[in-house]
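Hi everyone, thanks for coming.

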Amino acid sequence: SSSQSFIPSLCRSQNNLGRSMMRSLLLATCLAAASAFVPPSAVPVGGAQSAVTMQQRPKVTQKAKPLSPGSNYPSTKNIQKQASGFGSFLQRFQKTEGKSKYGMPIFLPNGNINPKYLAAERAEMAANQKLNMKAEAAKTKKMKAKGTFFLDDYIRKKVGNVGSNKEYYQSGR
């Protein structure tokens, strides 16, 4: 009878031992997982002696080239306009209540869009298009005067005379 009472108590003690091992294994796993997600800035690298030195930021001037050190891509009032003035029409944000930038309400009291507002908007877009065409014509004229508009001008400047013009073929060389 004493051997019978010994076996259940042995099983019970092994069961408790298994539970405590499982708990400690679970705790160790949780700690390992938590330490894996610590941000790198919180992990000390060289101990207390290593001091973090701040780098000097590069000086950015008004005429900084795009994406040069320290500068972001330069922006303008209207990001859809090129330096030449050519670009897409980008409407300024306006609130629906009150007067628009054209001096009239966008919506009529009955909820419809104000036709005068639409006409003013179309007139501004047409004026913008005329301005674009004028700027592009001026740019083309300037490039033609400098001799940089046509492809043969570019080739003549970069490569030299390659014998593809009229007088070359008529010379009989």
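**A walk through the model**

Let's start with Arg-156, which is partly exposed, with a relative accessible area of 44%. Buried means under 20% relative accessible area, exposed means over 50%, and partly exposed is in between, using a 1.4 Å probe and protein chains only.

Before we go on, a word on where this comes from. This is a predicted model, where local features need a pLDDT of at least 70 and side-chain atom pairs count only at pLDDT 80 or more, while totals for chains, interfaces and linings use all residues. Residues are numbered from 1 along each chain as its sequence is written, and side-chain values use heavy atoms, leaving out hydrogens and water.

The score called pLDDT is the predictor's confidence in each residue, from 0 to 100. Here the protein averages 75, and 62% of the residues score at least 70.

Overall, the protein has four helices and zero strands. Helices (H or I, at least four residues) and strands (E, at least two) are DSSP runs, numbered from the N terminus. Of the 173 residues, 9% count as buried.

Now back to Arg-156 and its partners. A salt bridge is a side-chain nitrogen of Lys or Arg within 4 Å of a carboxyl oxygen of Asp or Glu, and by this rule the count comes to three. Arg-156 pairs with Asp-152, with the closest N and O atoms 3.7 Å apart. Both sit in helix α3, four residues apart, about one turn of the helix. Arg-156 also bridges to Asp-153, at 3.2 Å between the closest N and O atoms. Through these shared partners, salt bridges join Asp-152, Asp-153 and Arg-156 into one network. Is Asp-153 buried or exposed? It counts as buried, at 17% relative accessibility, whereas Asp-152 is partly exposed at 41%.

The other bridge joins Glu-124 and Lys-101, with the closest N and O atoms 3.3 Å apart. This pair links distant parts of the chain: Glu-124 is in helix α2 and Lys-101 is in the loop between α1 and α2, 23 residues apart.

Let's stay with α2. What span should its 32 residues have? At 1.5 Å a residue they should span 46 Å, and the end C-alpha atoms are 47 Å apart, which agrees. The expected span is 1.5 Å times one less than the number of residues. Buried residues of α2 include Tyr-117, Ala-120 and Thr-140.

Asn-114 is buried, with a relative accessible area of 7%. A polar atom of the Asn-114 side chain also lies 3.0 Å from the backbone oxygen of Pro-105. Just after α2, Gly-147 takes a positive phi of about 80°.

Finally, the surface. Leu-151, Tyr-154, Ile-155 and Val-159 make a nonpolar patch of about 420 Å². Leu-151 is in helix α3, residues 151-158, and counts as exposed, at 61% relative accessibility.

That's my tour, so please ask away!

Notes:
Patch = residues over 30% accessible without salt bridge, like charges linked within 9 Å, V, L, I, M, F, W, Y side chains within 5 Å. Areas by Shrake-Rupley, 256 points an atom, 1.4 Å probe, with all protein chains shown as cover. Polar contact = N/O pair within 3.5 Å; in protein donor to acceptor, adjacent residues only side chain to side chain.
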